[in-house]
Amino acid sequence: MKKQFIALITIVAVGFFFMNFTIQTEENSSLGKKTNFEIPENIQGIIDNSCYGCHHTDSKNEKGKKKLDFDKLADLKTYKLVGKLADISETVVEGDMPPEKAVKKYPELKLSDEDKATLGDWAKSTAEELSK
Amino acid sequence: MKKKTIWITLLVIFIVVQLIPSGRPEVIKDNPNDLLLNNQVPTAVESMLRTACYDCHSNESIYPWYAYIAPVSFLVNRDIRVGREELNFSDWEAFNKVEKAKLLDGIIEAVEAEEMPMAIYPPLHPEAKLSTEDRKVLTDWAESFAESLFE
C-alpha cells in the first residue's frame with residue numbers, strides 16, 4: 001500500500017516535471033524567433049538566381065535590401081517573416097519582381113512560369129504554416 | 001475676340017468635365033469588421049488612424065468640398081480607390097492572419113519611411129501631419145499588435 005502510494009506520488013511528480021518542461025518549450029518557440037525556418041534547396045536555387053543579387057546584406061541596392069534581405073529573413077520576428085513571405089508570393093506571382101528593367105539587362109534573372117509558381121506557392125504556404 | 005474665345009472654350013470644357021461620372025468610392029458608416037470597432041486601440045493611435053489614414057484606408061472617407069469638382073475629384077477618387085484596395089481598415093476582421101501580418105508590416109515600413117500619409121495629404125489636412133514621435137507611437141503600436149497575433 002505504501003509502495004503504491006510512493007509510486008503514485010512519483011508518477012505525479014514526474015508528470016509535473018515534464019508538463020513544466022513542455023509548457024516552457026512551447027512558450028519559447030512561440031515567443032522568440034522562428035529558428036525552424038529553413039529555405040529548401042530548390043527554392044534557394046531560384047532565389048540565388050533571380051533575387052539574391054539585390055536582396056542580401058551586402059547589396060549595393062539600398063532600396064532592395066531594405067525591403068527584403070534574404071540573409072536576415074530567418075532572424076525576423078514571426079509576423080514580419082510572414083509579412084515578407086506574403087509579399088514575396090504576391091510580387092513574384094504578379095510578375096513585379098525581378099524588375100523588368102533588370103531582366104532586360106540581365107536575361108538570366110528571368111523567372112520561368114514554373115519558377116514563379118514554385119517560389120510563389122512555397123512563400124504562400126510557408127506564411128500560412130507559420131500563422132497556424 | 002480671340003482671348004474671349006479661349007475663355008469660353010475653357011469654361012465649356014470645365015462644365016463638360018463636370019458631367020463625366022467621377023466614380024466616387026461610396027461612404028459606408030456601418031462597418032462591422034472595422035479595426036477600431038473590434039480591437040482595443042490606444043486613444044492616441046486611434047486618433048492618428050482616424051485623422052491621418054481613414055480618409056483613404058477605410059469606408060468612412062470624408063470628402064472635402066473640392067473633391068466634388070472635376071478634375072480634382074478624379075485624383076481624390078483614385079487615391080481613395082487605390083488606398084482602400086491596398087488596405088481597408090473597415091474590413092480588418094475579414095483578413096486572415098497572413099494578410100494582417102503583411103498589412104501591419106507594410107504600415108510600419110510606410111510610416112517609418114514617411115511614404116504615408118502621402119505628401120499631398122497633410123498640407124490639405126494639417127491635423128494629419130505626423131511628427132517623428134507620432135510615427136514612433138504608431139509603428140510601436142502596429143508592431144505590438146502584430147506580435148500579439150502570433151502569441
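**Close-up views of a predicted two-chain model**

**View 1. Helix 4 of chain A and helix 5 of chain B are roughly perpendicular to each other.** This is a predicted model. The axes of the two helices cross at roughly 95°. They come within 8 Å. From helix 4 of chain A, the contact takes in A:Tyr79, A:Lys80, A:Val82, A:Gly83, A:Ala86 and A:Asp87. From helix 5 of chain B come B:Val98, B:Ala101, B:Lys102, B:Leu104 and B:Asp105. By class, this contact has six nonpolar, one polar and four charged residues.

**View 2. Eleven residues of chain B are in contact with twelve residues of chain A.** On the chain B side, two elements give two or more residues each: helix 5 (97-112) and helix 7 (132-149). Helix 5 of chain B gives the most, with six residues. The side of chain B that touches chain A has six nonpolar and five charged residues. For the model, ipTM is 0.83 and pTM is 0.81.

**View 3. A:Ser89 sits in helix 4 of chain A.** That helix covers residues 78-93. Is A:Ser89 buried or exposed? A:Ser89 has 23 C-beta neighbours inside 10 Å, so this residue counts as buried. The cut-off for buried is 20 or more. Leaving out residues up to four places away in sequence, A:Ser89 touches A:Gly120, A:Ala123 and A:Lys124. A:Tyr106 lies 17 residues from A:Ser89 along the chain. The C-alpha atoms of A:Ser89 and A:Tyr106 are separated by 22 Å.

**View 4. Chain A has six helices and zero strands.** Along the sequence, the pattern of chain A reads α-α-α-α-α-α. Chain A has 132 residues, and buried residues make up 20% of them. Take the contacts in chain A between residues at least 6 apart in sequence. Of these, 51% join residues at least 24 apart.

**View 5. Helix 3 and helix 7 of chain B pack at an angle of about 105°.** Their axes are 10 Å apart. That angle makes helix 3 of chain B roughly perpendicular to helix 7 of chain B. Helix 3 of chain B brings B:Ala44, B:Val45 and B:Met48 to the contact. Helix 7 of chain B meets them with B:Asp134, B:Val137, B:Leu138 and B:Trp141. By class, the contact has six nonpolar residues and one charged residue, with no polar residues. Helix 7 of chain B also gives two or more residues to the side of chain B that touches chain A.

**View 6. Helix 1 of chain B is hardly covered.** This helix runs over residues 2-19 of chain B. How many of its 18 residues are buried? The count for helix 1 of chain B is zero. At 1.5 Å a residue, helix 1 of chain B should span 26 Å. The end C-alpha atoms of helix 1 of chain B are 26 Å apart, which agrees.

**View 7. Chain B averages a pLDDT of 95.** In chain B, 99% of the residues score at least 70. Where in chain B is confidence lowest, and where is it highest? Confidence is lowest in helix 1 of chain B, at a mean of 93. Confidence is highest in helix 3 of chain B (residues 43-57), at 97.

Conventions:
Residues numbered from 1 in each chain as written. Chains lettered and ligands numbered in written order. Predicted model: local features only at pLDDT ≥ 70, side-chain atom pairs only at ≥ 80, totals over all residues. Contact = placed C-beta atoms within 7 Å. Helix = DSSP H or I, 4+ residues; strand = E, 2+ residues; numbered from the N terminus. Nonpolar A, V, L, I, M, F, W, Y, C, P; charged D, E, K, R; others polar. Buried ≥ 20, exposed ≤ 12 C-beta atoms within 10 Å, placed from the backbone. Expected span 1.5 Å × (residues − 1). pLDDT = per-residue confidence, 0-100. Axes fitted to C-alpha atoms, helices over the stretch in contact; angles between N-to-C directions. Parallel < 35°, antiparallel > 145°, perpendicular 65-115°, else oblique.
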